Amino acid sequence: MTPRQIVEILTERFGRRIVAALPDDKHPRIHVEASDWREVAEFLRRDPRLNFDWLACLSGIDYAADNRMAVVYDLYSYDLRHEFAVKVYCGREDPHVPSVADLWRAADWHEREAYDMFGIIFDGHPDLRRILCADDWVGFPLRKDYVFPREYHGIPGSVELDWQQQPDYPK
């Protein structure tokens, strides 16, 4: 099925809840608000015409200038051999997106990573906690306004050297 056909099916079902449709883009996708995501996700997973049975990737995005966050879901159907993406938008101050870990098992750790790096809360996730940073880490390292700490528990966050003074620096 082509991206245009997928958009037609989704537009027929969800109408104006699809904020944007880009079937001819290099990354064919639709855009939806977080409040509509769960219903769209269930439809993508369960409708036999679409049958998106694999979540290939989930990526967080910080649109700091727009005070928005987004999560991009790259989906694939093994049975039907088509792919498509959905970009889900939420507010930046209190970012919440419904979890889809029960629909696609891969979302479990992907959502934890997006939470850990961006602070996006996935409502209904079975075990939403940090996965890359330590449990007591402060902040979300991939947010555009993140300030990297000078140290963590006495461990320097960076080492500033004068490379020209190093013994193996080519003279």
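This is a predicted model: local features need pLDDT of at least 70, side-chain atom pairs count only at pLDDT 80 or more; totals for chains, interfaces and linings use all residues.

Residues are numbered from 1 along each chain as its sequence is written, and side-chain values use heavy atoms, with hydrogens and water left out.

Let me begin with the fold. The protein contains 3 helices and 9 strands; these are DSSP runs, with helices (H or I) of at least four residues and strands (E) of at least two, numbered from the N terminus. Read from the N terminus, their order is α-β-β-α-β-β-β-β-α-β-β-β. With a radius of gyration of 20 Å, well over the 16 Å that the globule rule gives for 171 residues, the protein is more spread out than a compact globule. That radius is taken over C-alpha atoms, and the rule is 2.2 Å times the number of residues to the power 0.38. Along the principal axes, the C-alpha atoms fill a box of roughly 65 × 40 × 30 Å.

How much of the protein is buried? Buried residues make up 40% of the 171, where buried means under 20% relative accessible area, exposed means over 50%, and partly exposed lies in between (1.4 Å probe, protein chains only). The protein exposes about 10,100 Å², of which carbon and sulfur atoms supply 52%; such areas come from the Shrake-Rupley method with a 1.4 Å probe, and for residues only the protein chains shown count as cover. As to contacts (heavy atoms within 4.5 Å), 50% of those between residues at least 6 apart in sequence join residues at least 24 apart.

I turn now to charge. There are 22 positive and 31 negative side chains, and the centres of the two sets lie 3 Å apart. Here Lys and Arg count as positive and Asp and Glu as negative, while His and the chain ends are not counted; each charge is placed at NZ of Lys, CZ of Arg, CG of Asp or CD of Glu.

How many salt bridges does a search of the whole structure find? The search finds 14, a salt bridge being a side-chain nitrogen of Lys or Arg within 4 Å of a carboxyl oxygen of Asp or Glu. One of them joins Arg92 to Asp145, with the closest N and O atoms 3.0 Å apart. This pair links distant parts of the chain, 53 residues apart: Arg92 is in the loop between E5 and strand E6 (96-98), and Asp145 is in the loop between strand E7 (121-123) and strand E8 (151-152). Arg92 is buried, at 7% relative accessibility, whereas Asp145 is partly exposed, at 48%.

A second bridge connects Asp116 and Arg130 (2.3 Å, N to O). Asp116 belongs to helix H3 (residues 107-118), and Arg130 to the loop between E7 and E8, 14 residues apart. Asp116 is buried, at 0% relative accessibility, and Arg130 is buried as well, at 10%.

Asp127 is partly exposed, with a relative accessible area of 34%, and Arg129 is partly exposed, at 42%. Finally, salt bridges link Arg13, Arg17, Asp36 and Glu39 in a network.

Which charged residue is buried yet has no salt bridge? It is Lys87, whose nearest side chain of opposite charge, Asp25, is 8.4 Å away. Lys87 sits in strand E5 (residues 82-91). Leaving aside residues up to four places away in sequence, its contacts include Ile30, Val32, Ile61 and Tyr63.

Asn51 is not a glycine, yet its phi is positive, at about 45 degrees. Asn51 is in the loop between helix H2 (34-46) and strand E3 (54-63), and is buried at 17% relative accessible area. Arg81, also not a glycine, has a positive phi near 60 degrees. Arg81 is in the loop between strand E4 (68-77) and E5, and is exposed at 56% relative accessibility.

Ile155 is exposed, with a relative accessible area of 52%. From C-alpha to C-alpha, Ile155 and Pro48 are 53 Å apart in space, and 107 residues separate them in sequence.
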